[in-house]
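Please read these notes with the sequence and the model open side by side. They go point by point through a few parts of the chain.

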Amino acid sequence: MAWIWLNTAPMTPPYRIMLLGAGLVGLAAAASAQQTSLNSHEVNPDHSVTFRYYAPTAKIVTVGLDYTHKDSPMAKGTDGTWTLTTGPLAPELHVYSFKVDEVGLLDPLNQAVEVSMAFFRANIVVVPGAPEPWDFNDVPHGTVHHHVYTTKAVAGLNDNAEDYYVYTPPGYDPAGAKTYPVLYLLHGWAQIAESWVNIGQANLILDNLIAEGRAVPMIIVMPLGYGNAAFVTNGFGGWNDEAQIADNLDRYSKALLTEIKPQVEAAYKVSLRREDRAIAGLSMGGGESLVIGLNHPDLFGAVGGFSSAVVYKKFEPEFAQIDPKLAPSILWVSCGTSDDLIAPNRGFVAWLKSKGFEPTAIETAGIHNWPVWRDNLVHFAPLLFKPAAK
């Protein structure tokens, strides 16, 4: 079955809001009854944000922010409301979460949520500014389609239901003769198929880049990125076991190449040429993209990894099929300089060069977060599917 979102009118705010479950809605109602005037995430004129949480009996309340990855203590007021005001933040979609006496909680008064398959709980707050490439701007908009199918390759999913999202650009005609290049865009660990749309704003980024003439019209496929759901639902410990990493990647590679790719090519007007097919992703999805893309040089003409989880003791076993004579026209490896994965990415770039590849190595300011990855996509997408890109 499939659903379609039509991006024909702006949302308020301009991203898809994930509605919370009944329990959290009830919590929100209780909090509202206790303090009806509470603004839990107030964006101030100087681009700082004031966070508030009502917990009169709590001993300590903290707020975790995406631009630091640290929990900052909040101050308790006489009315039982805990408060913290940040310094000025960059105009972005930021994520945050509360901890009340060391228990992680969503903001009960904010229904905009970054959904996760793991233990992460985070809300979204938008700090506005000048129009950015990831904002909803007054340009032609594409369409985001949602597909669900029964997988034979992926283990551990409820009812074996795998899903993926497909962005078709403005002017796409399913009955027309024109074919489009395709980018397979993968999310990170704990995220879901919708993450590149819900908070990554990939559809809006491409709308804006296409309208400005910076990127060619393309189709983007955004699948759920696990070969074994247990790799995420069992917690972060799986990253300490290369056998689990390999099993997850092997199963996912099979799902992507033998299930999702054929479905996309049957249902959409995508070019079947290697030069018109790219793969990229962030974190876990970056590692998946590099392994799948480089090991299948006959399928992908461009490969990108953003803050990639290339956490291997030796690269050779995972990249056994690579061939510098069949190198992609674009081999992009980027990472934030304050990211814990910067060292593995530098090591991977050095290893690629030792094997005869010429990767485009990009280091930017930032940590392991969405502001870095949205910026990566803004700069990576315009390079794709152009003869002079190399």
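**Notes on the structure**

1. Four strands make up an open, antiparallel sheet, in the order S2-S3-S7-S6. Its edge strands are S2 (41-43) and S6 (75-76), each of which pairs on one side only. Two strands count as paired if DSSP finds at least two bridges between them. S6 and strand S7 (residues 81-85) are joined by two bridges and run antiparallel. Within S7, Trp82 is the bridge partner of Lys76.

2. A word on the source. This is a predicted model, in which local features need pLDDT of at least 70 and side-chain atom pairs count only at pLDDT 80 or more, while totals for chains, interfaces and linings use all residues. Residues are numbered from 1 along each chain as its sequence is written, and side-chain values use heavy atoms, with hydrogens and water left out.

3. The chain as a whole. The protein chain has eight helices and 19 strands; these are DSSP runs numbered from the N terminus, with at least four residues (H or I) for a helix and at least two (E) for a strand. Of its 390 residues, 55% count as buried. Buried means under 20% relative accessible area, exposed means over 50%, and partly exposed lies in between, using a 1.4 Å probe and protein chains only. Among contacts (heavy atoms within 4.5 Å) with a separation of 6 or more, 76% are between residues 24 or more positions apart.

4. Strand S18. How many residues of S18 are buried? Seven of the seven are, so S18 is largely enclosed by the rest of the structure. Both of its faces are covered: Ile330, Trp332, Ser334 and Gly336 lie on one side, and Leu331, Val333 and Cys335 on the other.

5. The neighbours of S18. Strand S17 (302-306) and strand S18 (330-336) are separated by a loop that contains Ser308. S17 and S18 run parallel and are joined by five bridges, with Gly305 opposite Val333 in S18. S18 is also joined by five bridges to strand S19 (residues 360-364), again in parallel. In that pairing, Ser334 stands opposite Ile362 in S19.

6. Ser307 lies in the loop between S17 and S18. Its phi is positive, about 50°, although Ser307 is not a glycine. Most residues other than glycine have a negative phi. Ser307 is buried, with a relative accessible area of 0%. Ser308 also counts as buried because its relative accessibility is 0%. Leaving aside residues up to four places away in sequence, Ser308 touches Ser283, Gly286, Gly287, Leu290, Ser334, Leu341 and Asn345.

7. Helix H6. This helix (residues 284-295) has 12 residues and spans 17 Å from its first C-alpha to its last, close to the 16 Å expected at 1.5 Å a residue. The expected span is 1.5 Å times one less than the number of residues. H6 is mostly covered, with 12 of its 12 residues buried. Among them are Gly286, Gly287 and Leu290, which are also in the list of residues that Ser308 touches.

8. Cavities. The structure holds five cavities of 30 Å³ or more. A cavity is a set of points, on a 1 Å grid over the protein atoms alone, where a 1.4 Å probe fits but cannot get out; lining residues have an atom within 4 Å of a point. Grid points are joined across faces, edges and corners, and the volume is the space filled by probe spheres set on the points. The second largest cavity holds about 70 Å³. Its lining consists of Trp239, Ile245, Asn248, Leu249, Met284, Gly287, Glu288, Ala309 and Tyr312.

9. Lining by class. The lining of the second largest cavity has six nonpolar, two polar and one charged residues. Here Ala, Val, Leu, Ile, Met, Phe, Trp, Tyr, Cys and Pro count as nonpolar, Asp, Glu, Lys and Arg as charged, and the others, Gly among them, as polar.

10. Two further loop residues. Gln201, in the loop between helix H2 (195-198) and helix H3 (202-211), counts as buried at 1% relative accessibility. Gln201 has a positive phi of about 60°, although it is not a glycine.

Technical notes:
On a 1 Å grid over the protein atoms alone, a cavity is a set of points where a 1.4 Å probe fits but cannot get out, and a pocket is an open set with protein on both sides within 12 Å along at least five of seven lines; lining residues have an atom within 4 Å of a point.
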